[in-house]
Amino acid sequence: MAMHFIFSDTAVLLFDFWSVHSPAGMALSVLVVLLLAVLYEGIKVGKAKLLHQVLVNLPTSISQQAIAETDGESAGSDSSPVSRTHHRWYLYHFGQSLIHVIQVVIGYFIMLAVMSYNTWIFLGVVLGSAVGYYLAYPLLSMA
Amino acid sequence: MDHSHHMEMSYTDPNSTMPPSHHHPTTSASHSHGGGDSNMMMMMMPMTFYFGFENVQLLFSGLVINTAGEMAGAFVAVFLLAMFYEGLKIARESLLRKSQVSIRYNSMPVPGPNGTILMETHKTVGQQMLSFPHLLQTVLHIIQVVISYFLMLIFMTYNGYLCIAVAAGAGTGYFLFSWKKAVVVDITEHCH
């Protein structure tokens with residue numbers, strides 16, 4: 001494996017079938033890697049926004065349950081709505097965990113693509129991260 | 001078609017595993033010289049994903065996986081390492097929140113909309129530099145950095161089973177540990 005950056009039109013990225021051997025193929029691969037980096041930045045923002053939405057939508061029931069636990073009272077009166085919202089909370093959290101797995105995997109894929117030491121691919125990743133950050137992070141501060 | 005050459009890697013020359021990027025013909029020649037003995041350190045690294053458990057080098061020179069049983073053990077170990085990494089991240093965050101000692105308020109006048117002067121207040125929380133919580137945070141930070149690099153290197157083996165173990169461990173760790181974090185954040189940040 002070459003251990004320095006090279007400009008080249010040939011590369012094998014991640015999978016056996018993804019072998020590039022022409023300028024057009026390299027341009028397409030750079031585009032794919034760019035979109036992958038954009039997606040990665042978008043997922044980061046999406047996860048934060050989802051968590052914020054969940055906390056806004058389900059605070060009262062969980063707070064009630066926590067208060068009931070700390071006061072030592074049995075939550076007999078609000079058992080069914082708490083269990084229903086608990087169920088919703090578990091679904092939300094399971095969805096968040098799946099998004100986290102996808103984020104981890106995409107991050108590692110981008111790392112492995114850069115590890116090919118192909119300069120075009122590396123520039124595609126950098127540009128994709130920049131575009132993704134530029135597009136996604138303003139959405140974070142929007143309510 | 002291309003998965004067979006990873007089985008060949010343990011027996012014959014590593015030349016066949018070289019990806020079809022022919023920009024360094026001289027290195028391929030030198031690898032063919034070095035590929036004579038099968039126990040050398042500088043094995044040709046796979047550059048695409050594969051599923052296999054023959055002769056998989058894992059991080060350290062003594063750790064070589066050769067059987068399915070060893071691969072299963074390595075899968076469990078990597079899974080637990082990724083879970084521990086996620087838990088360490090959450091634990092550091094909660095430790096940091098608990099050890100905030102100094103809260104400083106800085107107020108400064110800023111010009112308002114109609115020529116009025118408004119007071120803008122900045123709140124900063126921090127730790128003492130030589131306090132035990134900060135030293136503990138530093139030690140945990142180093143452990144976190146090292147484990148994150150180990151996970152990256154494990155993913156870099158391109159072994160499908162180990163990569164799945166990393167991803168699944170990260171997901172499970174996030175699921176188990178971040179649930180507690182989200183509930184704690186909810187309680188402490190909404191005053192009621």
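Mentor: We start with a definition: a salt bridge is a side-chain nitrogen of Lys or Arg within 4 Å of a carboxyl oxygen of Asp or Glu. This is a predicted model, in which local features need pLDDT of at least 70 and side-chain atom pairs count only at pLDDT 80 or more, while totals for chains, interfaces and linings use all residues. Residues are numbered from 1 along each chain as its sequence is written, chains are lettered from A and ligands numbered from 1 in the order in which they are written, and side-chain values use heavy atoms, with hydrogens and water left out.

Trainee: Why is the pair E41(A) and K44(A) called a salt bridge?
Mentor: The closest N and O atoms of E41(A) and K44(A) are 3.7 Å apart. The limit is 4 Å, so the pair qualifies. Side chains of opposite charge can pair when their charged atoms come close.

Trainee: What makes E41(A) and K44(A) about one helical turn apart?
Mentor: They are three residues apart in helix α1 (residues 23–57) of chain A, which means a separation of about one helical turn. Helices (H or I, at least four residues) and strands (E, at least two) are DSSP runs, numbered from the N terminus.

Trainee: How do you know whether E41(A) is buried or exposed?
Mentor: Buried means under 20% relative accessible area, exposed over 50%, and partly exposed in between (1.4 Å probe, protein chains only). E41(A) has 8% relative accessibility, so E41(A) is buried. K44(A), with 29%, is partly exposed.

Trainee: How many salt bridges does the structure hold over all chains?
Mentor: There are two. E86(B) is buried at 5%, and K89(B) is partly exposed at 26%.

Trainee: Why is the pair F49(B) and F155(B) called edge-to-face?
Mentor: Rings of Phe, Tyr and Trp (its six-membered ring) pair if their centres lie within 6.5 Å; planes under 30 degrees apart count as stacked, over 60 as edge-to-face and the rest as tilted. By this rule there are 15 aromatic pairs over all chains. For F49(B) and F155(B), the centres are 6.3 Å apart and the planes stand at 90 degrees, so the pair is edge-to-face. F49(B) sits in the loop between α2 (25–34) and β1 (56–57) of chain B, and F155(B) in helix α4 (residues 132–155), 106 residues apart. F49(B) is buried at 12%, and F155(B) is buried at 2%.

Trainee: What makes F49(B) and Y158(B) an edge-to-face pair?
Mentor: Their ring centres are 5.1 Å apart and their planes lie at 70 degrees, so the pair is edge-to-face. Y158(B) lies in the loop between α4 and α5 (160–189) of chain B, 109 residues from F49(B).

Trainee: Which rings are linked into a cluster with F49(B)?
Mentor: Ring pairs link F49(B) with F155(B), Y158(B), F15(A), F17(A), Y108(A) and F109(A).

Trainee: How do you know that N118(A) counts as buried?
Mentor: N118(A) has 2% relative accessibility, so N118(A) is buried. N118(A) is found in the loop between α3 (79–114) and α4 of chain A. Contact means heavy atoms within 4.5 Å, and N118(A) touches several residues, among them F5(A), I6(A) and M26(A), not counting residues up to four places away in sequence.
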